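Here is a short briefing for a reader new to this structure. Look at the sequence and the model, then work through the points below.

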Amino acid sequence: MLTNRSKLVVKKEMTFWEKIYLPAIFSGIGITIKHLFKKSATVRYPEQTREVSEIWRGQHVLKRDEKGAERCTACGLCAVACPAEAITMVAAERKKGEEKLYREEKYASTYEINMLRCIFCGLCEEACPKEAIFLTDRLVSTDYGRDGFIYGKDKLVESVDNRIDVSKRQTPAVLQFKKIKLFSHNK
Amino acid sequence: MISFLIYKAILVGVVFGITLFIAAYSTYAERKVAAFLQDRIGPDRAGPFGILQPLADGLKFIMKEEIIPNVSNKILFVLGPSIAMLTALMAGVVIPWGSTLVINGETYSLQIVDLNIGILYVFAVVSIGVYGIMIGGWASNNKFSLLGAIRASAQMISYEIAMGLSIIALIMMTGTLSLREITELQTGAVGSSWNFWNVVYQPVGFLIFLVCAFAECNRTPFDLPECETELVGGYHTEYSSMKLGFYLFAEYINMFISSAVISTLYFGGYNFPFMNDLGMDQNIITIIGTIGLFIKIGFFIFFFMWIRWTIPRFRYDQLMNLGWKILIPLAIINIFITGLFGIL
């Protein structure tokens, strides 16, 4: 009764026309023949890909800065924010001579996301204070075993020559939002 | 005499080949029709539009491991699908696939044999078909198979009565059991000789026959012998490899033969409108007629599939209700009415 959509069930005797079923069958085959001429809803996947939103949340990327150093400082905020507990990392201290590789004194020596656990909610991206992790419009590819779905830094960190564009997700409005001290992750 | 035998042997081979070809492509058509009716595309990977799909399916069936359960009766287990396949193929013998061809002054009939009890022969062969299912289901020594087999035999027996009674009205009208003579009586249809197809005179009989044909072929809404939701696979639960293939194949052959019988009995067989008015050569009329017959058969095969993807399965008591309480009385009333019209 809350939705006003409940219907009163009436158990009445069927009329003669309902009893012989034929009109119902004819209307049924009329409906199915209409579908014969409808456009099929299939997307032939490997050849065709479905159009996705500009801010589609797919496979993650760990960004580098303009000089090619990794932005991630292994603070662990993404792992804490993750509702599926898919992210694990091990922090390490930057040695002398590694300034070009890592932006700050601390970095993630291993960074793993279990793609089978991940629900692609984007909370890691929201939590990240260093603009290091982003979700992209790439799909996580299939695999035969579960081990293959644990993505390490080799798959997550973008390569220096082949940068991944996240400008669609990192708009000025998003950056502004991340600076508001009202939200818990910026306190 | 020798040339007669050679001609008949060739004809048997051709009919056999065409039957298998159409049955194979019915499996493809079934999947395609199902897909189109559900706004999908269907198989399209094997060859252009998936046209080689039946070959791939057949190859798969042959390559699969063949399992005969230890507890089964091995002879009967193998005999089951053989009977199903054999009887399915046998019914094609009496169907007139076309009129006569005249080559070098000799007349060749496009019917393997014109039995004067043609339609009775079809009934006899079709009712042996249930033995294949019953023996197979029983020999499997599996309760699901047995239940499927019992359902199949009960269903066949129930619906064969209504089917036979619906045919009696037609036979009263035509006065012959030979399929060729029944076809010849419908010659012309429209044109100089106004012989309408039998469906015009026997609409109720046709309807009963159609419903019973669905039941005899174990097609939805009467596919209780193999209903997956209740009986795993029904009578063929224990079957694998080509023996399973034979069962499934026999079902499609049965569908083809039923379509051919329906077309012959009620839709004029190889006759087409204005066939005698366009002044065409006998051979050309025969060829067009044969093509026409296959178009009719194709339509009915499509109709079988169309119904399958429209109507859900009957419950078992509903099935029996329909067979015994509705179709049989209706068929008897139909006989009486036909008799009355015959007297008047």
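B:Trp309 sits in the loop between helix H11 (282–308) and H12 of chain B. Helices (H or I, at least four residues) and strands (E, at least two) are DSSP runs, numbered from the N terminus. This is a predicted model: local features need pLDDT of at least 70, side-chain atom pairs count only at pLDDT 80 or more, and totals for chains, interfaces and linings use all residues. Residues are numbered from 1 along each chain as its sequence is written, while chains are lettered from A and ligands numbered from 1 in the order in which they are written.

**Around B:Trp309**
- B:Trp309 is partly exposed, because 18 other C-beta atoms lie within 10 Å. A residue is buried with 20 or more such atoms within 10 Å of its own C-beta, exposed with 12 or fewer, and partly exposed in between; C-beta atoms are placed from the backbone.
- Leaving aside neighbours within four places in sequence, B:Trp309 is in contact with A:Thr32, B:Val33, B:Ala34 and B:Leu37. Contact means that the C-beta atoms, placed from the backbone, lie within 7 Å.
- B:Trp309 and B:Ala34 are 275 residues apart along the chain, yet their C-alpha atoms are separated by 6.3 Å.

**Helix H12 of chain B**
- H12(B) covers residues 316–343, 28 residues in total. From first C-alpha to last it reaches 40 Å, close to the 40 Å expected at 1.5 Å a residue. The expected span is 1.5 Å times one less than the number of residues.
- A kink of about 30° lies at B:Leu327, shortly before the proline B:Pro329. The bend is the angle between axes fitted to the seven residues ending there and the seven starting there.
- Buried residues of H12(B) include B:Leu319, B:Leu322 and B:Ala331.
- Helix H5 (143–174) and helix H8 (203–216) of chain B are among what covers them.

**Chain A**
- Which residues of H2(A) are buried? The number is zero out of 15, so H2(A) lies largely in the open.
- Strands S2-S3-S5 of chain A form, in that order, an open antiparallel sheet. Strands pair if DSSP finds at least two bridges between them.
- The edge strands are S2 (87–93) and S5 (150–151), each pairing on one side only.
- A:Asn114 stands opposite A:Ile150 in S5(A).

**Interface and confidence**
- The contact between the chains takes 10 residues from chain A and 11 residues from chain B.
- The model scores ipTM 0.70 and pTM 0.79.
- Chain B averages a pLDDT (the predictor's confidence in each residue, from 0 to 100) of 85, and 98% of the residues score at least 70.

Terms used
Contact = placed C-beta atoms within 7 Å.
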